[in-house]
Amino acid sequence: MTPNTTAATVAAAAQTAAVTPATMTKDEVKKMLRDAAFVLHMTRRVKAEILADRPATKDTARKVPDLTAGLGV
């Protein structure tokens, strides 16, 4: 599918974005955060399922654990 990006539509969108700040209501913010939390939860769940399906080997420990330090991963 080809995006509709003519010079006029791009210019109009840029002008609208410059004039009108993107404000969100409290409910919209809550919904966005709920959606992000759901995606994170599903990502962790799928990762756990993939790791559970792997055959147990000696090298299953992380090679470089300090790369994810503090991220809660």
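**Close-up 1. D35 and K31 pair up in a salt bridge, with the closest N and O atoms 3.0 Å apart.** A salt bridge here is a side-chain nitrogen of Lys or Arg within 4 Å of a carboxyl oxygen of Asp or Glu. The model is predicted, so local features need pLDDT of at least 70 and side-chain atom pairs count only at pLDDT 80 or more, while totals for chains, interfaces and linings use all residues. Residues are numbered from 1 along each chain as its sequence is written, and side-chain values use heavy atoms, with hydrogens and water left out. Both D35 and K31 sit in helix α2, 4 residues apart, or about one turn of the helix. Helices (H or I, at least four residues) and strands (E, at least two) are DSSP runs, numbered from the N terminus. D35 is partly exposed at 39% relative accessible area, and K31 is partly exposed too, at 45%. Those labels go by relative accessible area: buried is under 20%, exposed is over 50%, and partly exposed is in between (1.4 Å probe, protein chains only).

**Close-up 2. R45 and E49 form a salt bridge as well, at 3.6 Å from N to O.** R45 is partly exposed at 44%, and E49 is partly exposed at 44%. Searching the whole structure turns up 2 salt bridges.

**Close-up 3. M24, V29, M32 and L33 make a nonpolar surface patch of about 350 Å².** Patches take residues with over 30% relative accessible area and no salt bridge, joining like charges within 9 Å and nonpolar side chains (Val, Leu, Ile, Met, Phe, Trp, Tyr) within 5 Å. M24 belongs to the loop between α1 (7–19) and α2 (26–53), and M24 is partly exposed at 44%.

**Overview. The protein chain has 2 helices and 0 strands.** Of its 73 residues, 0% are buried. The accessible surface comes to about 7000 Å², and 64% of that belongs to carbon and sulfur atoms. Areas come from the Shrake-Rupley method with a 1.4 Å probe; for residues, only the protein chains shown count as cover.
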